[in-house]
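Here is a short report on a protein model. Look over the sequence and the structure before reading on.

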Amino acid sequence: PPRSTLFPYTTLFRSTEARVNAARALGGLGNQAKIAEPALMVALNDKESEVRYTAATALANLNGDTKVALPLLQEALQNESKWIRNDAASALSNMAVNTQAKARSLSDKELNQAIKDLEKTLEVMGESEYDVSPQIVKSINNSLDSLKRERLRG
């Protein structure tokens with residue numbers, strides 16, 4: 001990203017806690033925080049895992065570009081912090097629902113990738129040493145089933 005994108009992030013949010021709180025607040029705003037997506041993309045590369053996970057969650061919650069966020073969210077399911085795991089699982093569920101909502105506008109390639117991503121997410125959840133909410137697993141399964149039905153229609 002250009003320096004102008006990095007500058008506010010690196011100078012205003014020097015402490016890990018401040019960067020986490022900023023990302024969490026932006027994610028809570030949903031689509032209203034879409035303008036902050038470049039700063040959140042920068043935060044995905046933060047040296048602190050907590051910041052990376054929170055930024056990934058925020059991107060998912062504002063329906064941003066989640067290609068980079070997806071593996072971080074899947075990784076966060078193994079974090080020792082229960083709130084990071086819960087936030088990541090909820091964000092993955094949001095991503096699944098958002099993808100389901102736009103299924104008809106996806107190309108065949110995008111639809112196949114979305115199905116693959118959700119299958120991988122469910123696999124990671126199943127392999128996690130920590131329990132994931134059954135409601136979240138069900139939500140992701142429902143979205144996956146819907147995407148598979150859409151693929152059959154295509």
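Lysine 148 is partly exposed, at 30% relative accessible area. Here buried means under 20% relative accessible area, exposed over 50%, and partly exposed in between (1.4 Å probe, protein chains only). Glutamate 119 is partly exposed too, at 35%. The side chains of glutamate 119 and lysine 148 form a salt bridge, 3.3 Å from N to O. Glutamate 119 sits in helix H7 (residues 108–127) and lysine 148 in helix H8 (residues 134–153), so the pair ties together parts 29 residues apart in sequence. A salt bridge is a side-chain nitrogen of Lys or Arg within 4 Å of a carboxyl oxygen of Asp or Glu. Helices (H or I, at least four residues) and strands (E, at least two) are DSSP runs, numbered from the N terminus.

This is a predicted model: local features need pLDDT of at least 70, side-chain atom pairs count only at pLDDT 80 or more, and totals for chains, interfaces and linings use all residues. Residues are numbered from 1 along each chain as its sequence is written, and side-chain values use heavy atoms, with hydrogens and water left out.

## Other salt bridges

Side chains of opposite charge can pair when their charged atoms come close. The whole structure holds five salt bridges. One of them joins the side chains of arginine 19 and aspartate 46, at 2.6 Å from N to O. Arginine 19 belongs to helix H2 (residues 16–28), while aspartate 46 is in the loop between helix H3 (37–43) and helix H4 (49–61), so this bridge ties together parts 27 residues apart in sequence. Both ends are out of the open: arginine 19 is buried at 7%, and aspartate 46 is buried at 9%.

Arginine 153 pairs with glutamate 150, with 2.8 Å between the closest N and O atoms. These two are three residues apart in helix H8, about one helical turn. Arginine 153 is exposed, at 51%. Glutamate 150 is buried, at 15%. Shared partners link Arg104, Glu150 and Arg153 into one salt-bridge network.

## Helix H2

H2 has 13 residues and spans 18 Å from first C-alpha to last. That is close to the 18 Å expected at 1.5 Å a residue; the expected span is 1.5 Å times one less than the number of residues.

Which residues of H2 are buried? They are Arg19, Val20, Ala22, Ala23 and Gly27. Seen down the helix axis, they fall within an arc of 160°, so they line one face of H2. The arc is that of the directions from the helix axis to the C-beta atoms. The face turned away from the buried side carries the exposed residues Glu17 and Gly28. Just after H2, glycine 30 has a positive phi of about 65°.

## The nonpolar core

In soluble globular proteins, nonpolar side chains tend to be buried together. The largest nonpolar core here has 41 residues. Such a core is a set of buried Ala, Val, Leu, Ile, Met, Phe, Trp, Tyr and Cys residues joined through side-chain atoms within 4.5 Å. Those with the most contacts inside it are Leu40, Leu73, Leu77, Leu92, Met125, Ile140 and Leu147. H2, H3, H4, helix H5 (69–76), helix H6 (82–101), H7 and H8 each supply at least two of its residues.

Methionine 125 touches Leu77, Ala89, Leu92, Val132, Ile136, Val137 and Ile140, leaving aside residues up to four places away in sequence. Contact means heavy atoms within 4.5 Å.
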